[in-house]
Amino acid sequence: MTARVTPLLQATGLEKTFRSRGRIVHAVADVSLSVSPGEALGIVGESGCGKTTTARMLLRLEEPSAGRIVFDGTDITHLHGSALRSTRARAQLVFQNPFDALNPRFSIRRSLTEPLRNFGVPASEHRDRIDAVLRRVRLTPPEAWLDRKPHELSGGQLQRVVLARALIPGPRLIVADEPVSMLDVSVRAGILNVLREARDSLGLAAIYISHDLALIRYVCERTMVMYLGRVVEEGPTAELIATPAHPYTRALVAAVPVARVDQDRAALPIRGNLSDTPTAGAGCPFRDRCPHAMARCATETPLLRGIAPGRRVACHLEGAL
Amino acid sequence: MLPWTRGCRSVRSVRLDPYATVGFTIYTAIAAMAVFARQLAPYDPKAILKVGNRIARYLPLSPEHWLGTNSSGRDVLSQLIWGARSALEVGLTAAFAVVAIGTLLGLVAGYLGGWADRVITWFADIVLGLPFLPFMLILAALTRPGAGVVIFTVAALLWPNTARVIRAQVLSLRERAWVEAARVTGCSTARIMFVHLLPQVLPLAALYGSVAIGWAILAEASASFLGFGDPEIISWGGMLQESYANQALSRGAWNWFAPPGAAIMAMVLAGFLISRGSEKLLFPKLADQ
Amino acid sequence: MSLLSIRGLTVTYATGAGPLRAVDALDLEVPAGSITGLVGESGCGKSTLGRALMGVLPDRGRIAAGQIVFEGRDILAESERARRALRWRRMAFIPQTAMNALDPVQRLSAQMAEVLIERGGLGRAEAAAQAAALFRLVGLDPARLSAYPHQFSGGMRQRASIALALALSPSLVIADEPVTALDVIVQRQILDVLRELQARLNLAMILVTHDMAVVAYACDRVAVMYAGQVVEAGPVAEVLERPLHPYTMGLTHAFPDVHDSAMALVPIEGSPPSLLNPPAGCRFAARCPFADPRCVAEPPPVRPFGQDHLVACWHAEQAPALRVRAADPQTWAAIA
């Protein structure tokens, strides 16, 4: 039974356009999403699909050209200054590059104290909170790490500090943009497990941005697939991967290699290359590459429609695939 | 606490470089001269000395007067030593002002962008077009000649170069993930500029400051030489002006004008050497090429 | 008969703190007509190995010891001139980012012509025809030869650098992380191009990567590297399904499978040892859940196991039991 829970984050009709070389580029077009408390949503797509821009808009690191974002009951779409800052305590970001995400001159202690200070946590609580969060990310004993500087730490350790910094203000939502892509394979599992545990024990909601479908599968219950600025499919991760409804999702799933010799090496159901500029105007953005493209696809932009409980797809194919 | 410790470490590593070491040595020597002027100078620089009943004019080099005396019987060495004091006062004050103004404006323009950047850049461009000496001389004529005019002119006219460079550095730092992280973790704009970014740009600002010291001293000497300096104060520029007015060159009294000229040159050179030596600290990749 | 036989190769980098042994007494056999994957994490020496083979090490690197026997010739014993003649003609290199291979200010036609004419001795007309043929081979439209590299997408640029590498029909192609920087669909397309080319031209290929899945998809054989050495090598199916070395066992459980969310991920805590001062015994001992005092004291030699499977581990005999334990994250957590 699925109860209707008030979403923690609800974004409707997000758009981001900017001018590039005299042309208008729609980096994000008509993206709507919602995340319930404690839920993990994955946003997956290839470069240029707009997933990072979307995430940045959700955290108001960029201002949407159009659309509305409601976070924890507050409309944050056009907030600025101290009003925006006060919402920041509840939504934090985990960065992609651990080597660049910390001020190189600040000790770990200082980097972790900054958010506490900014959000008005009394100084008497700082020590305990820092200790607690370092333990949570498995950097123990905490004292051994506090006075170190970023250049003394490895990538995996740095990412744990970045995670600690994101968790320390006690947020309700974490947005992680490619949290492990720059780490060695053997180190990734450690970070992912810490993320999963933090979610389970703290009831955090999370949005994971990645081009890696395998990673999304491991950490997210629901996934949204983006292509050239638009959402093309959305649904429970396992279902979406097992029975993709959109031709792009199907190609994406088929393209992911697995660590088994016995895997599918058939030709991908996709044509051509990612075009440099999004197909402007009406029509499905995927039509140039879709093996099932019809005449209708060039003239009418498909809208997201429900095809099963919790599953939506933006495609003109009847009953999708 | 932190900016200072980092600064000290940079100073230490800069000292290891030969160019910077020479520069710092010169600065230290002249600073010592200025601070211990009373102890070092053999005579009162303004005292008119006598040999017997006659005023000791144009005495040659001797053990009593290492640099001889000038046309009014004053000991040149003592004047040189005391002159260091006014040179440093003017130089350091002006340099500090240039660094402060330039860093602040560069930080604001670089980080805030938009209209603040446009206004500051426009203003800097205009200031860069103002000629130094005429500005200073007009100001001296309108107010009162002296160190104040020099300091004000240097501060008012030399900040754009510092501001430009700081602005460029801030523009690149602004894109770094940790600056964005500061925003996400709730830092106000002011805090990001002054707590996060300022320590990063201070080394570069200090570098421009050291060059500004040389400029200020040169400016002061020029003003004094042209007769716009404060006549009550002993300064290197004043010495040059006096020696010129008394035709020291045709008399061959090089001991009068050469030392102050050399001292001015040394200060300017020191500023340049320190900036050259700091290059390795601030732009390490260039060193590999 | 191996096309390429590496014996006891040691490559060092000069650093302020002394020589860093990026590759240490490494042995490797690369048979003709196969794709051999070289897999490992950052700092294991896989890229260094590829560059050492091609002779394109950075200034501070040098080959300190060892033998490289290529097509029957010991190339390290030959002159620099002879080695240079080998480059691009018999052995070619595809770097990680195509922009490292392609000149941004020259049209692709000019770059292809440069290789074909200067190094290959072809005439202009022949070179043009060959360039078109090469483009078609990698799936690019020959009409785009007149473009500049920046006008291509990432995947297309990578195809162009593959075409450039194949220009003089080498018998060995070394691809250094050729798909790491690419999106997953393009990655798959490039891997398919490489596989097809290898089959059609009967090339030998060395594919350097950190991704086991890429190895499983594209390679016939694999050598697993750790801290400058090969710790396990053999046919891909063997090594992936029946790994003998704990590091390989850990790696195969370290990253999620897109079709299986029930997988328990195994974190391999710690970091590789310093290559300035490598440990006396097995280099993986500090991170290995099965290490015993012998592992710490004595470095295990590379020994053959079964038909075509090499491993450097004192406990290779107990591999079947260890595999079961290695699949459990608790085994690895106990080390931390």
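Two residues are in contact here if their C-beta atoms, placed from the backbone, lie within 7 Å. On that rule, 34 residues of chain C are in contact with 35 residues of chain A.

Before I go on, the ground rules. This is a predicted model, with local features needing pLDDT of at least 70 and side-chain atom pairs counting only at pLDDT 80 or more, while totals for chains, interfaces and linings use all residues. Residues are numbered from 1 along each chain as its sequence is written, and chains are lettered from A and ligands numbered from 1 in the order in which they are written.

Confidence next. The complex gets an ipTM of 0.86 and a pTM of 0.84 from the predictor. For chain C, the mean pLDDT (the predictor's confidence in each residue, from 0 to 100) is 89, and 99% of its residues reach 70 or more.

Back to the contact of chain C with chain A. The most comes from α7(C), with five residues. By class, this side of chain C has 20 nonpolar, nine polar and five charged residues. Nonpolar means Ala, Val, Leu, Ile, Met, Phe, Trp, Tyr, Cys and Pro; charged means Asp, Glu, Lys and Arg; the others, Gly among them, are polar.

Now chain B against chain A. Chain B puts in 17 residues and chain A 19. On the chain B side, α1 (2-15), α8 (177-184) and α9 (189-225) give two or more residues. The largest share, seven residues, is from α8(B). That side has eight nonpolar, five polar and four charged residues.

On to the cores. A nonpolar core is a set of buried Ala, Val, Leu, Ile, Met, Phe, Trp, Tyr and Cys residues joined through C-beta atoms within 7 Å. Buried means 20 or more other C-beta atoms within 10 Å of a residue's own; exposed means 12 or fewer; partly exposed is in between. The largest core has 217 residues, and V175(A), I207(A), M112(C) and V224(C) have the most contacts inside it. Apart from it lies another core of 74 residues, including Y208(B) and A248(B).

Last, R90(A). It sits in the loop between α2 (81-88) and β6 (91-94) of chain A. Why does R90(A) count as partly exposed? Because it has 17 C-beta neighbours inside 10 Å.

Note on methods
Helices (H or I, at least four residues) and strands (E, at least two) are DSSP runs, numbered from the N terminus.
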